[in-house]
Structure formats: C-alpha cells, structure tokens
Amino acid sequence: MTVTVFIRYQIDPFKRAMFEQYSKNWLSIIPKCGGDLQGYWMPHEGTNNIAFALISFESLAAYESYRARLRGDKEGIANFNFAEENKLILAEERTFLRPVTA
C-alpha cells in the first residue's frame, strides 16, 4: 500500500528565502535516498509562516529504509544542519496518508 507523508512546517516568516533554499536542496536528495517527492509548497498569499511537503513511498517499511539512508547521506545531513543552524523551522508535523481507491 502506498503511503504519502504530508509534512506541515511552521517556518520563521523572516527566513522564507532560506527555507526555500532548504526545500530546493531536498529536490535531489529525497529521490536519491528513495522517496517519491511530490513537491514542496511555500507560502504565497495569506499565511506567511506555513509550508508543506509531500513524499510518497511504497510502504511504511520503504519509508523507514529511506529515513535510514537519509541519516547517512552527506547532502541530507548538511541540509538538516543548515535548517537547524539557521533556525528556519519552528515546528514540524508529519501525517501519514493512504490513497482512497475503488
């Protein structure tokens, strides 16, 4: 069963450009580590401190394998450190979704 991870970020609104760079960095890292990246979405109008990401996996087991590869990936580690050092993300929520099928 396909599982999609919906990530809701609360970001520092004064660091949107830095968060966008953080997001762009994931565009190559996530697929390399095994995630099917649906995309990142930045605030545009209205709320200025909420961003989203969607990443799909074949199963929860595939997600766990991806997380292990990500923790060992040099670019992934550097991107996590970039976000942490610059305090871009104030809060992060993950929801695991499954598609509705007939």
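Predicted model: local features only at pLDDT ≥ 70, side-chain atom pairs only at ≥ 80, totals over all residues.
Which side chain meets that of lysine 32 in a salt bridge? The partner is aspartate 73, with 2.9 Å from N to O.

**Salt bridges**

Lysine 32 belongs to helix α1, while aspartate 73 sits in the loop between α2 and α3, so their pairing ties together parts that are 41 residues apart in sequence. Aspartate 73 is buried, at a relative accessible area of 12%, whereas lysine 32 is partly exposed, at 46%. The two also belong to a network of salt bridges that includes Glu75.

In total, the structure holds 4 salt bridges. Another one joins arginine 8 to glutamate 93. Arginine 8 is in strand β1 and glutamate 93 in strand β4, so this pair links parts that lie 85 residues apart in sequence. Glutamate 92 pairs with arginine 94. As background, side chains of opposite charge can pair when their charged atoms come close.

| Pair | Distance between N and O |
|---|---|
| Lysine 32 and aspartate 73 | 2.9 Å |
| Arginine 8 and glutamate 93 | 3.7 Å |
| Glutamate 92 and arginine 94 | 2.8 Å |

Arginine 8 is partly exposed at 28% relative accessibility, and glutamate 93 is partly exposed at 44%. Glutamate 92, at 37%, is partly exposed, and arginine 94 is partly exposed at 31%.

**The nonpolar core**

Now let us turn to the inside. The largest nonpolar core has 21 residues, and those touching the most other members are Tyr9, Tyr22, Trp26, Ile30, Tyr40, Ile55 and Tyr66. At least two core residues come from each of β1 (3-11), α1 (16-33), β2 (36-41), β3 (50-57) and α2 (60-72). The largest share, 6 residues, is supplied by α1. In soluble globular proteins, nonpolar side chains tend to be buried together.

Tyrosine 9 is worth a visit: leaving out residues up to four places away in sequence, its contacts include Phe19, Tyr22, Tyr40, Phe52 and Ile89.

**A closer look at α2**

Helix α2 has 13 residues and spans 19 Å from its first C-alpha to its last, close to the 18 Å expected at 1.5 Å a residue. Its buried residues are Tyr63, Tyr66 and Leu70. Viewed down the axis of α2, these buried residues fall within an arc of 60°, so they line one face of the helix. Ala61, Arg71 and Gly72 are exposed on the other side. Among the elements covering the buried residues of α2 are β1, α1, β3, α3 (74-86) and β4 (89-97).

Methods: Residues numbered from 1 in each chain as written. Heavy atoms only, no water. Core = buried A, V, L, I, M, F, W, Y, C linked by side-chain atoms within 4.5 Å. Buried < 20%, exposed > 50% of the residue type's maximum accessible area, 1.4 Å probe, protein only. Helix = DSSP H or I, 4+ residues; strand = E, 2+ residues; numbered from the N terminus. Contact = heavy atoms within 4.5 Å. Expected span 1.5 Å × (residues − 1). Arc of directions from axis to C-beta.
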